[in-house]
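Dear colleague,

Please find below the structure that I am handing over to you, together with its sequence. My findings follow directly after it.

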Amino acid sequence: MSDPLIEAALAAREHAHAPFSRFKVGAAIATESGLIFTGCNIENATFGLTICAERVAVFKAVSEGSRDFLRIAIATDCETPAPPCGACRQILWEFCGDIELVLVNLQGRFETACLRDIFPRPFDASLL
Ligand code: THU
């Protein structure tokens with residue numbers, strides 16, 4: 001049975017702008033209100049300006065007034081589906097807390113995890 005969130009992440013990956021790394025990533029984040037926001041990685045010749053797929057998806061959602069996040073799917077062309085980078089873990093923690101992650105590859109192999117599992121001791125506003 002197909003999962004619309006996984007399908008959305010795989011479709012978003014097709015829009016990736018990754019001419020430098022050739023590593024395309026797609027993300028799709030679902031809200032409790034039934035919305036899905038997608039993102040892809042967007043690279044730049046000034047490499048440091050690159051933004052990851054996960055952050056594009058979260059920032060699109062937040063900028064459109066949605067924060068009731070439930071689940072995020074992340075699609076990569078890796079044998080073992082890739083987890084989010086450290087910067088994205090921090091952003092996901094800020095806006096989503098202990099969200100469910102669905103890591104998927106192009107063959108449809110997927111793993112699920114909670115953000116806490118891969119980001120066990122976060123820095124956040126509770127420390128400020
Ligand atoms: N990338 C993502 O989009 N998400 C991640 O969590 C890891 C890395 C992108 C950034 C860059 O365009 C490419 O993958 C290689 O690092």
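Which residues are around the ligand? They are Ser21, Phe23, Val25, Asn41, Glu43, Thr50, Cys52, Ala53, Glu54, Pro84 and Cys85, where a residue counts as near if one of its heavy atoms lies within 4 Å of the molecule.

Two remarks on the basis of these values come first. This is a predicted model, in which local features need pLDDT of at least 70 and side-chain atom pairs count only at pLDDT 80 or more, while totals for chains, interfaces and linings use all residues. Residues are numbered from 1 along each chain as its sequence is written, and side-chain values use heavy atoms, with hydrogens and water left out.

The ligand site

By class, the shell around the ligand comprises six nonpolar, three polar and two charged residues. In this scheme Ala, Val, Leu, Ile, Met, Phe, Trp, Tyr, Cys and Pro are nonpolar, Asp, Glu, Lys and Arg are charged, and the others, Gly among them, are polar.

The ligand sits in the largest pocket. A pocket is defined on a 1 Å grid over the protein atoms alone, as an open set of points where a 1.4 Å probe fits, with protein on both sides within 12 Å along at least five of seven lines. A molecule sits in a pocket if more than half of its atoms lie within 2 Å of its grid points.

A polar side-chain atom of Glu43 is 2.5 Å from a ligand oxygen atom, and an N or O atom in the side chain of Asn41 lies 2.9 Å from an oxygen atom of the ligand. At Ala53, a polar backbone atom is 3.0 Å from an oxygen atom of the ligand. Of the 370 Å² of accessible area that the ligand has on its own, the protein covers 78%; the areas come from the Shrake-Rupley method with a 1.4 Å probe, and for residues only the protein chains shown count as cover.

Pro84, one of the residues around the ligand, lies in the loop between S3 and helix H3 (86-96). Helices (H or I, at least four residues) and strands (E, at least two) are DSSP runs, numbered from the N terminus. Pro84 has a relative accessible area of 1% and is therefore buried; buried means under 20%, exposed over 50%, and partly exposed in between, with a 1.4 Å probe and protein chains only. Its C-alpha atom is 8.8 Å from that of Cys52, 32 residues away along the chain.

Other positions

Thr76 belongs to strand S3 (residues 69-76) and is likewise buried, at 1% relative accessible area. Its side chain reaches the backbone nitrogen of Ala82 at 3.1 Å.

In helix H1, Ala8 counts as buried at 17% relative accessibility. Ala8 and Gly26 are 18 residues apart in sequence, with their C-alpha atoms 8.2 Å apart. The C-alpha atom of His15 is 8.0 Å from that of Gly26, 11 residues away along the chain. His15 is in the loop between H1 and S1 and is exposed, at 62% relative accessibility.

Arg22 lies in the loop between helix H1 (4-13) and strand S1 (25-31), and is exposed at 68%. Its phi is near 60 degrees, a positive value in a residue other than glycine.

Yours sincerely

Conventions. Polar contact = N/O pair within 3.5 Å; in protein donor to acceptor, adjacent residues only side chain to side chain. 1 Å grid on protein atoms, 1.4 Å probe; cavity = no way out; pocket = protein on both sides within 12 Å on 5 of 7 lines; lining within 4 Å.
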